[in-house]
Amino acid sequence: MMDKIPMQFLGMDFTCAFQSLSNGSIPPKDCLLPLISKLLGYAIVAASTTVKLPQILKILQHKSIRGLSLVSFELEVIGYTIALAYCLHTGMPFSAYGELAFLLIQAIILVAIIYYFSQPMRTSTYIRPLLYCGIAPTILAGRIDPLLFEALYATQHAIFLFARIPQIYENFKNRSTGELSFLTSFMNSAGSLVRVFTSIQENAPTSVIAGSVVGIVTNGIILSQILAYQKPPAKKEKKTD
């Protein structure tokens, strides 16, 4: 009988799956689920490179930030920063958190665009990005006390929750979602849902899984608001002869 030839790529072990398939059998669950988890994890990372692009393009196309909550997008940047820093310095595999890096970059670009279309801005608005630029590098480099790091990560779920609440309230108050992108909201919801599965398979801390669950609920509410407040297309009047 031939020895098994290891087939590994980007931390994914295909040996067991290919061995079972070559023998004409379905791979066992303990072999298949980790592989699916890794594949989905990398799929999320790949999709995250463009997840906020529809929102960015919609703002640029309409030159409007109508209905968008600046505070929501600013808190999102803070949440992504803390989550990325924690995952980097706890040694989690890239497939379990890689999307955070791309989401953070896009979130910063998005906030900058909102600032641009919010002119003129108050002085306090300029202070917030300056504070972020001063503190974020220290957090991302992990140059803070480990206990403080854990405390910061414990708050990031609340940060993401409160990042969505102002936008949810804004939508409810206006009975409109303004320039919110359906595609971006849909991808956020789907990504959170898949991330719960991959986090469980990667034996991620419960707090990481809880964060994904919060994302499912809050993104799901915003997605449902976009659908509920969507205005039906105006009917064209028929011309009479």
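Of the contacts (heavy atoms within 4.5 Å) in the chain with a separation of 6 or more, 78% are accounted for by residues 24 or more positions apart. The structure is a predicted model, in which local features need pLDDT of at least 70 and side-chain atom pairs count only at pLDDT 80 or more, whereas totals for chains, interfaces and linings use all residues. Residues are numbered from 1 along each chain as its sequence is written, and side-chain values use heavy atoms, with hydrogens and water left out.

The chain contains 9 helices and 2 strands, taken as DSSP runs numbered from the N terminus (helices H or I, at least four residues; strands E, at least two). Along the sequence their order is β-β-α-α-α-α-α-α-α-α-α. Of the 241 residues, 41% count as buried, that is, under 20% relative accessible area, with exposed over 50% and partly exposed in between (1.4 Å probe, protein chains only).

Beyond residues up to four places away in sequence, Y80 touches K52, L100, L103, L104, A107, F160 and R164.

F160 and R164 are also among the buried residues of α7, which include F149, Y153, Q156 and H157. Helix α7 spans residues 146–174 and has 29 residues. From first to last C-alpha it reaches 43 Å, close to the 42 Å expected at 1.5 Å a residue, the expected span being 1.5 Å times one less than the number of residues. A bend of about 30 degrees occurs at Q156, given as the angle between axes fitted to the seven residues ending there and the seven starting there. The buried residues of α7 pack against α4 (70–89), α6 (123–140) and α9 (206–228). At the N-terminal end, D145 caps α7, with a side-chain oxygen 2.9 Å from the backbone nitrogen of L147. R175, which follows α7, has a positive phi near 50 degrees.

L40 lies in helix α2 (residues 29–48) and counts as partly exposed because its relative accessibility is 30%. L40 and R195 are 155 residues apart in sequence, yet their C-alpha atoms are 8.3 Å apart in space. Not counting residues up to four places away in sequence, L40 touches V194, F197 and T198.

Note on methods: A polar contact is a pair of N or O atoms within 3.5 Å; within protein, one must be able to donate a hydrogen and the other to accept it, and residues adjacent in sequence count only if both atoms are side-chain atoms.
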